[in-house]
Amino acid sequence: MGIQGLAKLLADVAPSSMKENEIKNYFGRKVAIDASMSIYQFLIAVRQEGNVLMNEEGETTSHLMGLFYRTIRIVDNGIKPVYVFDGKPPDMKSGELEKRKERRDEAQKALEAAQESGDQENIDKFSRRLVKVTRQHNDECKQLLKLMGIPYVNAPCEAEAQCAALQKAGKVYAVGTEDMDALTFGTNVLLRRLTFSEARKMPIQEIYLDRILKEAELSSEEFIDLCILLGCDYCESIRGIGPKRAIELIRKYKSIDEILKHLDKDKYTVPDNWLYKEARELFKNPDVTEGENIDLKWIEPDEEGLVEFMVKQKGFNEDRIRNGAKKLTKAKNTTTQGRLDGFFTVMSTSSSSTKRKNEKEKKGPPKKKAKGGTGFKRGK
């Protein structure tokens with residue numbers, strides 16, 4: 001679920017924190033991608049006649065097809081992805097997981113009714129709602145990534161928290177996920193739509209945490225409390241408080257603790273035994289492997305291994321798999337050149353122009369017109 005209504009609220013109170021960009025502009029960037037979110041998207045999107053894609057043995061292959069080809073698109077644009085897999089969910093998430101189970105049970109009943117009546121539209125609709133990423137899906141995707149030469153990380157707990165830890169440690173430039181709680185965990189650069197940007201002809205949405213805090217005039221602690229008020233995966237929210245009211249209260253009282261002291265309990269319903277303090281602590285100090293202790297390596301793909309797994313075991317077309325492997329090899333050799341800003345340091349335009357003006361005043365008018373400067377100096 002992430003954080004309810006956060007994206008829409010940020011568009012109103014911190015619009016400069018959000019911008020759209022083309023995937024090609026991330027050439028040379030390392031990005032941590034929420035694997036479970038991506039696999040779920042693939043299971044939903046890669047379908048045949050309304051059902052998940054399967055091979056001749058009846059095994060689901062939508063996740064493998066999606067991961068293989070969309071990762072190649074990402075790598076082909078010069079991005080170096082690392083996929084992060086969920087570990088054990090925190091105990092506080094049990095309530096949210098129970099709600100999801102109830103929704104799946106309701107969807108199962110609705111699907112059976114649609115099948116009896118032959119309502120194809122609702123059959124497809126409720127089939128999608130029953131999609132769930134399993135351990136087998138994850139294990140097969142890890143095997144595929146290893147053969148592709150793409151690194152992955154097993155998070156001890158939440159993938160979004162582990163992605164944030166990698167970004168804060170400087171191991172990656174950004175985090176790619178649709179879940180806004182990556183920001184609540186402290187990710188400074190969030191990329192949405194990354195894994196399906198080209199397929200759907202949609203620009204990537206960039207969101208910057210430091211700009212959110214500056215424009216919305218919030219501290220990190222206030223932002224976390226705001227996210228809890230909006231609604232997160234770890235505790236209930238106060239009934240009756242929407243996004244607009246939530247940020248008004250945070251700006252006025254600075255914390256949930258102070259809000260509760262002044263809140264009209266007759267107008268707003270506070271959950272019994274509300275675990276907002278525990279949720280706050282989970283966002284501030286999540287269970288992660290320290291980013292500094294993780295070594296990420298992008299290596300040559302194992303073409304023959306890919307053929308054995310994807311073609312002989314999973315029934316994919318051999319020519320397409322071999323072509324994909326060659327694209328991975330070519331892209332890897334291309335991205336080793338790095339980004340331009342890895343070799344140059346940007347100088348302040350104002351300081352550069354002031355320096356040139358002072359030199360001009362000392363020397364007097366030049367005899368010959370000087371060539372324009374680049375505004376860059378070569379890094380050490």
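Phe85 has Asn154 in β6 as its bridge partner. This is a predicted model, where local features need pLDDT of at least 70, side-chain atom pairs count only at pLDDT 80 or more, and totals for chains, interfaces and linings use all residues. Numbering runs from 1 along each chain as its sequence is written, and side-chain values use heavy atoms, without hydrogens and water.

Strand β5 (residues 80-85) pairs with β6 in the parallel sense, over three bridges. Strands here are DSSP runs of E, at least two residues, and helices are runs of H or I, at least four, numbered from the N terminus. Pairing requires at least two DSSP bridges between two strands.

Now the whole sheet. Seven strands form an open sheet in the order β1-β9-β8-β7-β2-β5-β6, with mixed pairing. Its edge strands are β1 (18-21) and β6 (152-154), each pairing on one side only. Neighbouring strands are turned by 25° against each other on average, direction ignored. Axes are lines fitted to C-alpha atoms, for helices over the stretch in contact, and angles run from 0 to 180 degrees between N-to-C directions.

Helix α7 (residues 159-168) packs on this sheet. The helix touches β2, β5, β6, β7 (174-176) and β8 (189-192), with contact meaning heavy atoms within 4.5 Å. The direction of α7 makes about 170° with that of β2.

β2 (30-34) and α2 (35-45) each give two or more residues to the lining of the second largest cavity. α2 gives the most, with three residues.
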